[in-house]
Amino acid sequence: MKLYGKRFTSERLLELLGRLGTITAVAEHIGERRRTISHWYQDIRGGVVNEKVKADIFVSIAGDKLLNLSNRNVLFMTDTHYPYNRKGCEDFCKEIYDKEECDLVIMGGDLVDLHSTSRHMSDPDLPNSKSELEKAVECCERLFSIFPEGILTLGNHDLRIIRKATGSGISRSFLKTFEQVYKIPEEWKVVEHVMVDGIIYQHGNDLSGDNAATTWTMKNLCSTAIGHVHSVSSIKYLKSAKGMYLAISCGCLADQSALSMAYSKSYPRRFVNGVTVIKNGTHAQFFPMP
Ligand SMILES: [Fe+2]
Ligand SMILES: [Fe+2]
């Protein structure tokens, strides 16, 4: 019989979970870290996380509500701009996710590019709207097969269709939801922003440049991690009399050589491809994609 932490059998842990209701409550009850219990539980369940655990992780996430989650190792990936992403970026993310013992993935937005529906002229050598959508859905399927659950904070590119529609006076009632179009699994939550371990994760629309993450941190009066700024990866620690704040800019996973990114060819700064891992909300590390 396998013992967890030299004290607990799988039966005892399941009995505690049934009685106390959540992984967090079990962890507090027996004085272990939540992540340790979560790993034990996934081991017992063969990696399948059941409804109770999902409820524990995702309770109350809806719309643009902030949610406080704690003690996470977060893999923050962003700006894939499907289907114009760096090929193999999902495998790269999974490698870092496993190596750094992450337990939550947050996708920072611009999941899809929607170049064909841009208000700027679309390149005639690129796929048309239908073909681009089909390719993007294929990319999403690959991402969701590697990461069956996570959180997506919507970016400006993701919102292009809904903005076009509402700008034309078309009610949302006539449209498919973002989740329906891109076949997003129920285990993925689509939000405007989310708070984990005291850090707000958001796409970061409207600001650019080296100081965008710092500016968002100051606007939010809270540690903040953003995507959106493709050519900047930075982790800054800002300290005031009230405490330490993290300001994180995560680069992107888009392919700058794609025709859809032609607008950036003359930029002196190149896209920085990689992901950031944030541990317990206190420290972060960027992993560049080779
Ligand atoms: Fe982007
Ligand atoms: Fe963006």
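**Loops and a helix in a predicted model**

Visitor: Is His-228 buried or exposed?
Guide: In this predicted model, His-228 has 26 other C-beta atoms within 10 Å. The cut-off for burial is 20 or more. Therefore His-228 counts as buried.

Visitor: What is phi of His-228?
Guide: The value is positive, and the residue is not a glycine. Phi of His-228 is near 75°.

Visitor: Is Asn-280 buried, exposed or partly exposed?
Guide: Asn-280 lies in the loop between β13 (274-279) and β14 (283-288). Its phi is also positive, about 55°, though Asn-280 is not a glycine. Burial needs 20 or more C-beta neighbours, and exposure needs 12 or fewer. Asn-280 has 14 inside 10 Å, so it counts as partly exposed.

Visitor: Which residues does the cis peptide bond at Pro-83 join?
Guide: Pro-83 lies in the loop between β4 (73-77) and α5 (89-99). Omega of the cis bond is about 5°. The bond joins Tyr-82 and Pro-83.

Visitor: Why do the buried residues of α5 line one face of the helix?
Guide: The buried residues are Cys-89, Glu-90, Phe-92, Cys-93 and Tyr-97. Look down the axis of α5: they line one face because they fall within an arc of 160°.

Visitor: What covers the buried residues of α5?
Guide: Both strands and a helix take part. The cover includes β4, β5 (104-107), α6 (129-146) and β13.

Visitor: Which residue with a positive phi follows α5?
Guide: Step past the end of the helix. Phi there is near 50°, and the residue is Glu-101.

Visitor: How many helices and strands does the protein have?
Guide: Now for the whole chain. Of its 290 residues, 36% count as buried. The secondary structure comes to nine helices and 14 strands.

Visitor: Among contacts between residues at least 6 apart in sequence, what percentage join residues at least 24 apart?
Guide: Take the contacts in the protein between residues at least 6 apart. The share joining residues at least 24 apart is 69%.

Conventions
Residues numbered from 1 in each chain as written. Chains lettered and ligands numbered in written order. Predicted model: local features only at pLDDT ≥ 70, side-chain atom pairs only at ≥ 80, totals over all residues. Helix = DSSP H or I, 4+ residues; strand = E, 2+ residues; numbered from the N terminus. Contact = placed C-beta atoms within 7 Å. Arc of directions from axis to C-beta.
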